[in-house]
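Subject: A structure for you to look at

Hello,

Here is the structure I promised to pass on, together with some notes on what turned up in it. Please open it beside this message and follow along.

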Amino acid sequence: MGKADHKISNTFENLSASLAMLRKLEWRVRHAVESVLSGEYKSSFRGKGMEFDQVVRYEYGDDVRDIDWNVTARLGDPYVKRYVEEREVTLLLLFEDRPSLQFGSGERSKREALLELSSLLMLLSAVNGDRVSLIYASPEGYQFTKSASGRGRVMHTAATLLGKPPPNTFGPQEAQVPWKYLLRAAPRHSVFVWLSDFPARGKTEGWNALKKRYQPVGLRIEDPWERELPKNGEQSVFDPVSGQLFNLSGKSSSQRAAHEKWKLERDKDFRELFPVDSDRLTLKAGEDALDAIVRLFHKRTLRYGRS
């Protein structure tokens, strides 16, 4: 078998394994939609806006700004326009695949947990009949998957993402996110979901314009050690960002102080990007991703109200 044939064989094997994993996740998603979510997904995200529905006879308390003067003049009685909110949601996902995602102090790396989280979100969208677009960004560049709806197409998009090989830990560390392209990648009022480990990095290019165009949501993955250093003994750990091994000691006051400073800076940057609590979620690698999404939807439902 030649190199090209071997590569094609590996690609199909990865795709098959990804689809098998997605089918297992899909069962959980459908169960959640039918039970615990029960309509909260739609209530969590606003549609594109308001569209005209019908005209009805004016009643006391109606907004006079909604009076349809043409119909009123023709019929001789005041009539007002009624509007309904467009409920179709377009989800624009940005998966930021940085080498730092490959760190994991437990059974799962941050990358594995974030891939599952993004897959669950896409499957939820497919079950609810919404459209999904995906931008995969890594240090090697970016790839855009156009808006798709329907189970088959969304499953393929999710499976392709799951099959992406991780970036080289010894190469460039920052993903090449096409911020200017993002501004025209989806219709206005789409839900923009940014999936990353969100390091402290200062201002993001064009962020104010993105917030005005889309409904931004930040889904952050973190390792338990990023929240709190282990307290017992020393650990030899590999840092995928620096590519070095070093000893980590939870008993070292200097290390704990440096870690606390780093953590506060990272949290501050994340809150500045997503100031509203219901627009952001932090998931620890190893936690149940679907439970975390349900908690986020509960928050957003309280914010926007049920449909």
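This is a predicted model: local features need pLDDT of at least 70, side-chain atom pairs count only at pLDDT 80 or more; totals for chains, interfaces and linings use all residues.

**Starting at arginine 151**

Arginine 151 is partly exposed, with a relative accessible area of 40%. Serine 125 is 26 residues away from arginine 151 along the chain, and their C-alpha atoms are separated by 9.1 Å.

**Two helices side by side**

Now for the partner of α5. Helix α4 (residues 110-127) packs against helix α5 (residues 151-162) at an angle of about 175°, and their axes are 9 Å apart. Angles over 145 degrees count as roughly antiparallel, so α4 is roughly antiparallel to α5. On the α4 side, the contact is made by Leu115, Ser118, Ser119, Met122, Leu123 and Ala126. They meet Arg151, Val154, Met155, Thr157, Ala158, Leu161 and Leu162 of α5. Sorted by class, this contact has nine nonpolar, three polar and one charged residues.

**The nonpolar cores**

In soluble globular proteins, nonpolar side chains tend to be buried together. Here, the largest nonpolar core has 39 residues. Leu91, Phe95, Leu117, Val193, Leu195 and Leu219 have the most contacts inside this core. Two or more residues each come from β3 (90-96), α4, β4 (131-138), α5, β6, β7 (215-222), β10 and α10 (289-304). Helix α4 gives the largest share, 10 residues.

To see one spot in detail, look at leucine 195. Leaving aside residues up to four places away in sequence, leucine 195 touches Leu93, Leu94, Phe95, Glu96, Leu114, Leu117, Ser118 and Leu219. Another core, of 19 residues, lies apart from the largest one and includes Leu94, Leu182, Trp194 and Leu210.

**The aromatic rings**

Which residues do ring pairs link into a cluster? They are Trp179, Phe192, Trp194, Phe198, Trp207, Tyr214, Phe270 and Phe274. For the chain, the count comes to 14 aromatic pairs. One of them is formed by tryptophan 194 and tryptophan 207, a tilted pair with 5.6 Å from centre to centre and 55° between the planes. Tryptophan 194 is in strand β6 (residues 191-196) and tryptophan 207 in helix α7 (residues 207-213), 13 residues apart. Both tryptophans are buried.

Tryptophan 194 also pairs with phenylalanine 274: the ring centres are 6.4 Å apart and the planes are at 65°, so this pair is edge-to-face. Phenylalanine 274 lies in the loop between α9 (253-273) and β10 (280-284), so its pairing with tryptophan 194 in β6 ties together parts that are 80 residues apart in sequence. Tryptophan 194 and phenylalanine 274 are both buried.

**The chain as a whole**

Finally, stepping back, the protein chain has 10 helices and 10 strands. Of its 307 residues, 45% are buried. Among contacts with a separation of 6 or more, 75% are between residues 24 or more positions apart.

Enjoy exploring, and do write back with any questions.

Best wishes

Definitions and conventions: Residues are numbered from 1 along each chain as its sequence is written. Side-chain values use heavy atoms; hydrogens and water are left out. Rings of Phe, Tyr and Trp (its six-membered ring) pair if their centres lie within 6.5 Å; planes under 30 degrees apart count as stacked, over 60 as edge-to-face and the rest as tilted. Helices (H or I, at least four residues) and strands (E, at least two) are DSSP runs, numbered from the N terminus. Buried means under 20% relative accessible area, exposed over 50%, partly exposed in between (1.4 Å probe, protein chains only). Axes are lines fitted to C-alpha atoms, for helices over the stretch in contact, and angles run from 0 to 180 degrees between N-to-C directions. Angles under 35 degrees count as roughly parallel, over 145 as roughly antiparallel, 65 to 115 as roughly perpendicular and the rest as oblique. Contact means heavy atoms within 4.5 Å. Ala, Val, Leu, Ile, Met, Phe, Trp, Tyr, Cys and Pro count as nonpolar, Asp, Glu, Lys and Arg as charged, and the others, Gly among them, as polar. A nonpolar core is a set of buried Ala, Val, Leu, Ile, Met, Phe, Trp, Tyr and Cys residues joined through side-chain atoms within 4.5 Å.
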